[in-house]
Structure formats: structure tokens, C-alpha cells
Amino acid sequence: IYGLYNGYASQGIYLINQVNAYQNEKRTIIAKSIVSATSHNMIRVLKYHLKTIPELKESIEQILHYKRFLSSLHNVDKIMQTEAMIWKNYYSCFELILGIPFTRYQRGASDLVNCLINFLNGILYAECLDQIILSGLHPAISFLHSSNDRTLSLQYDISEAFKPLLVERTLFSLFHNKIISDNEKPTKDDKTYLLSNAVKKK
């Protein structure tokens, strides 16, 4: 009973600190840290391919520019706008890395690459949510993404920095090792496009 009491007490302290951080300047510091870490890992992924694809250098420099620009921002909306530009530059590299046409669609995706990204992101979100709940933090109080009563948005904050290393590197590995190919077409199931063949292979 004493151990259970201490566990709840610790979670209460975490929640109080989380709410306080959301309500003051710490929110912008945390939001910038998330985007900075994400940018850092994007650059790591792109540099891995730089030797064979020198054209990636321009995008790497552009992401570095936005990463440095973050330090001058003091508004979460501006930070999110900068993050959107960073992701746009990052996704623009996928055609060069994969060797096939690509445009990022988060909703209504019907092509192989977008479907796989969405599928792998879903796995990452679920794992992040599990860890958030275990940590005692409140999953609906986020710092970069908007907090509201409809989404458990902290999982999206936590997952950002891991996407380049876990999702995109897995995606590139699946293609480059010819585990899957662009010839495989997604099928529609319960309004979500899933690639049963690719998922089974993974």
C-alpha cells in the first residue's frame, strides 16, 4: 500500500510540473527542443546517404538553417511553422533516396510510401503513448502540438525526434534491401490503407 501511495504521489508531482511547464515560457523551450532534436536526427539520416547522393547537401544546409533559426522564436505557432518547413525539406529528399516520385500525404494516402510511413508512425505513436502513461505524465498535455480534449497529443510531441531514426530508416531499409518494392499496391480496409504484404514481410 505504501508503494502504491508513493507511486500516485509521484504522478501527482509530475502532472503539476507538466501543467506548470505548459503555462509558462518552459513550453516554448520544450517545443524548440523537440524540433531541434528532430532536425538533428533528420540530418543524421540524410548524411548517411550523402556519399551516394551528393544532391542532399542543399537540403541538409536548409534544415540546418531552420534549426539555427529556432533560437530566435518565442511563439509556439512560429515554432510549428518552422517545423513544417523542416519536414517539407526533409520529405523532398525521399525521391532521391528511394528513386521513385514521392509527395507526402498524411491523409487519404494511396501510394506505397505514404501508407508505410503512416503505418510505421502509428506503431511509434502507440509505443510512445504506452511510455507516457507509464511515466505518470498526462498524454493530453503537449508542448508542441495543440492540446485539446479530442486527442492525446503528447504522443505526437514525443514521437517527433524518433521518426527519422525509427520510421524513415526502416522505410529506406525495406526499399534498399528489396524487401518491398513500389510494384506492391496498397489495399483499402476499414477506411485505412494498409499494405498487408509489406506488413507481413516486416
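Residues are numbered from 1 along each chain as its sequence is written. Because the model is predicted, local features need pLDDT of at least 70 and side-chain atom pairs count only at pLDDT 80 or more, while totals for chains, interfaces and linings use all residues.

**Exercise 1.** Determine how the span of helix 6 relates to the expected value.

Solution. Helices are DSSP runs (H or I, at least four residues) numbered from the N terminus, and the expected span is 1.5 Å times one less than the number of residues. Helix 6 covers residues 112-135, which is 24 residues. Its first and last C-alpha lie 35 Å apart, close to the 34 Å expected. After helix 6 comes Gly 136, with a positive phi near 95°.

**Exercise 2.** Decide whether Gln 155 is buried or exposed, and find its partners.

Solution. Gln 155 belongs to helix 7 (residues 154-160). Buried means under 20% relative accessible area, exposed over 50%, and partly exposed in between (1.4 Å probe, protein chains only); at 9%, Gln 155 is buried. Contact means heavy atoms within 4.5 Å, and, leaving aside neighbours within four places in sequence, Gln 155 is in contact with residues including Tyr 125, Cys 128 and Pro 139. Cys 128 is itself buried, at 7%.

**Exercise 3.** State how many disulfides the structure holds.

Solution. A disulfide is a pair of cysteine sulfur atoms within 2.5 Å, and a search of the whole structure finds zero. Cys 93, with a relative accessible area of 1%, is buried.

Technical notes
Side-chain values use heavy atoms; hydrogens and water are left out. Helices (H or I, at least four residues) and strands (E, at least two) are DSSP runs, numbered from the N terminus.
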